[in-house]
Amino acid sequence: MLKRPLVPATALLWGLQFAFLSPALALIMVSLYGATPAEVGWVLAVYNAGGFVAALVIPAWADRRHRYLPVLVVCAVLTVALAVALALATSLVVAALALVVLGGPAGVGMSMLYAHLRHSGASPRVIVNTRALISFAWVAGPPIATAVIGWFGNRAILLVVAAVGVLTTVLAVVLMRRSRDPDNEPDAGGPSAADVSVAPMSRPRVAVVVVAFVLAQATNAAAVAVMTLFVTEHLGLPVIWAGLALGLAAGLEIPALLVMGRLSARFSSLGLLVTGFLAAVVYYAGMILVPGPIALLALQVPNAWFFAAVAGVGITLFQDLIPRPGLATGLYTNTRRVGSILAGPVIAMASSPLGYPGVFATCAGMALVAVVATWGAGRTRPVADDTASDPAQLA
């Protein structure tokens with residue numbers, strides 16, 4: 001995938017840090033600091049708000065100086081500091097401050113790696129393949145984290161995160177020092193269809209694409225959140241089928257990303273994204289009528305293709321549309337955060353007469369809107385005024 005394994009190793013370790021920490025964070029707050037469910041919700045909301053701001057401010061600073069790898073090193077150090085601070089914290093207030101002050105900026109690290117790849121001339125295929133490593137980390141990370149907690153206690157996972165963070169910092173420093181050597185730069189892989197077929201867009205059309213992503217991210221967040229209840233209360237199946245469905249979707253996401261990486265050399269990012277949003281419509285519509293476990297598992301195929309498009313092609317598309325790679329990736333990251341907020345009203349549809357199928361029906365409608373919006377935004381002529389097409393001004 002790359003001429004040297006430095007970038008893949010850094011990406012894998014970076015993914016593992018947060019794959020270990022994120023699923024265990026609520027449990028840590030409850031067990032170590034005595035937080036109530038309401039307090040956990042508020043802390044996570046403030047944490048995400050801090051991350052939202054950091055994902056815009058820090059990449060904008062890095063773009064102005066074209067210094068992505070030094071920021072990546074700082075983010076890796078902050079991740080180590082966050083794990084140590086959480087392990088030593090004696091109250092929820094201290095933990096919340098650590099999450100905002102250290103965790104928010106630390107979460108920008110992966111965006112800086114994507115920005116470095118783009119700035120170095122990496123092809124969309126390289127970037128999508130790098131994103132596949134993050135998916136692998138999220139398949140392996142949560143089971144390892146729960147095993148560590150089960151064997152050694154809740155605080156032990158923070159020490160593991162700190163140890164992985166130290167390794168990530170070392171690799172990031174090595175990558176920064178060797179980044180000027182052409183033999184260690186990402187393999188650009190030649191021109192791709194995405195590089196030549198995405199016409200410059202006006203700011204309103206870029207805003208439409210951003211909204212489409214927010215809708216898509218919201219549907220994914222809502223669907224994942226209700227999967228367990230949908231399986232147990234609506235389908236009347238054992239809870240293990242929910243785990244199997246979610247695990248299968250995560251596992252299929254990796255080969256889907258690799259396939260999309262190959263297709264990015266022949267087809268535009270917008271075109272691949274439209275196929276992903278169409279797959280989402282198929283998935284959510286199928287979930288409304290799913291009769292049993294076999295169909296549930298079969299529907300994870302279009303689900304995996306959908307999220308691979310959002311997670312992989314989405315990064316390259318934002319970098320195509322927005323000339324500043326740090327801001328582009330930060331803005332893309334924030335579509336996930338805003339989508340998670342929007343998922344709340346979607347999940348509330350479970351209380352309607354339609355029940356849990358109503359959640360998936362709403363998701364299908366939102367995905368269809370995303371298809372139409374993305375397809376319509378792509379049917380544009382290049383704009384004459386370069387400043388009018390600079391979506392970086394959106395921030």
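Which residues of α5 are buried? The buried residues of α5 are G109, M110, S111, M112, L113, Y114, A115, H116 and L117, where buried means under 20% relative accessible area, exposed over 50% and partly exposed in between (1.4 Å probe, protein chains only). The model is predicted, with local features needing pLDDT of at least 70 and side-chain atom pairs counting only at pLDDT 80 or more, while totals for chains, interfaces and linings use all residues. Residues are numbered from 1 along each chain as its sequence is written, and side-chain values use heavy atoms, with hydrogens and water left out.

**Helix α5**

- Helix α5 spans residues 109-119 and is mostly covered, with nine of its eleven residues buried.
- Helices here are DSSP runs (H or I, at least four residues), numbered from the N terminus.
- After α5 comes G121, which has a positive phi, near 90°.

**Packing of α9 and α13**

- Two packed helices are described by the angle between their axes and the distance between the axes.
- Helix α9 (residues 203-234) packs with helix α13 (residues 300-321) at an angle of about 150°, and their axes are 11 Å apart.
- The axes are lines fitted to C-alpha atoms, for helices over the stretch in contact, and angles run from 0 to 180 degrees between N-to-C directions.
- α9 and α13 have a left-handed crossing, a term for a near helix turned anticlockwise from the far one by less than a right angle.
- On the α9 side, the contact (heavy atoms within 4.5 Å) is made by V209, V210, F213, A216, Q217, T219, N220 and M227.
- On the α13 side, Q300, F306, F307, V310, G314, L317, F318 and L321 take part.
- The contact of α9 with α13 has eleven nonpolar, five polar and no charged residues.
- In these classes, Ala, Val, Leu, Ile, Met, Phe, Trp, Tyr, Cys and Pro are nonpolar, Asp, Glu, Lys and Arg are charged, and the others, Gly among them, are polar.

**Salt bridges**

- The count comes to two salt bridges, each a side-chain nitrogen of Lys or Arg within 4 Å of a carboxyl oxygen of Asp or Glu.
- R118 pairs with D320, and their closest N and O atoms are 2.7 Å apart.
- This pair links distant parts of the chain, with R118 in helix α5 and D320 in helix α13, 202 residues apart.
- R118 counts as partly exposed because its relative accessibility is 23%, and D320 counts as buried because its value is 19%.
- R131 and E253 form a salt bridge at 3.8 Å, N to O.
- R131 lies in helix α6 (residues 124-152) and E253 in helix α10 (residues 240-263), 122 residues apart.
- R131 is buried, with a relative accessible area of 13%, and E253 counts as buried at 9% relative accessibility.

Terms used
Helices (H or I, at least four residues) and strands (E, at least two) are DSSP runs, numbered from the N terminus.
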